[in-house]
Amino acid sequence: PNKIKITNGNIMISSPGMHLNSPINSDEFFDTGDKGYLDEDGFLYYLGRESDYFKPSTGRRIYPLKIENCLKKLVYVN
């Protein structure tokens, strides 16, 4: 049930789990702050972050670089 779309080069996601405690309509998408594109087969290509951090509703800045570096070491992540 997860959805991904690209808007102006930005990766947008929507998932039922994102909206459990929120009045947001489940059809709305969250801008991840990541750049990428979907190819004709539906594969997602990640091109990098728009910024070095993102701020969720808690207002804290989160720097995802450590997580991204771990993901880059995985065999199936290109």
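1. A definition to start: two strands pair if DSSP finds at least two bridges between them. Keep that in mind as you look at this structure, which is a predicted model.

2. With pairing defined, look at the sheet. Four strands build an open sheet, in the order E1-E2-E3-E4, and their pairing is antiparallel. Strand E1 (3-7) and E4 are the edge strands, as each pairs on one side only. From one strand to the next, the twist averages 50°.

3. Now zoom in on one pairing. Strand E2 (residues 10-14) and E3 run antiparallel and are joined by three bridges. Here you can find Asn10 standing opposite Lys35 in E3.

4. How many aromatic pairs does a search of the whole structure find? The search finds one. Tyr37 and Tyr45 form this pair, which is stacked, with 4.9 Å centre to centre and 5° between the planes. Are these residues buried, partly exposed or exposed? Tyr37 has 37% relative accessibility, so Tyr37 counts as partly exposed. Tyr45 also counts as partly exposed, because its relative accessibility is 34%. Both values fall in between the cut-offs, which are under 20% for buried and over 50% for exposed.

5. Finally, visit the largest pocket, which holds about 570 Å³ of space. Its lining has 18 residues, and the closest to the centre are Asp34, Tyr46, Glu68, Leu71 and Val77. Strand E3 (30-38), strand E4 (44-49) and helix H1 (65-72) are the elements that each give two or more residues to this lining. By type, the lining residues of the largest pocket are 12 nonpolar, two polar and four charged.

Note on methods:
Residues numbered from 1 in each chain as written. Predicted model: local features only at pLDDT ≥ 70, side-chain atom pairs only at ≥ 80, totals over all residues. Heavy atoms only, no water. 1 Å grid on protein atoms, 1.4 Å probe; cavity = no way out; pocket = protein on both sides within 12 Å on 5 of 7 lines; lining within 4 Å. Points joined across faces, edges and corners; volume = space filled by probe spheres on them. Nonpolar A, V, L, I, M, F, W, Y, C, P; charged D, E, K, R; others polar. Axes fitted to C-alpha atoms, helices over the stretch in contact; angles between N-to-C directions. Phe/Tyr/Trp six-rings, centres within 6.5 Å; stacked < 30°, edge-to-face > 60°. Buried < 20%, exposed > 50% of the residue type's maximum accessible area, 1.4 Å probe, protein only.
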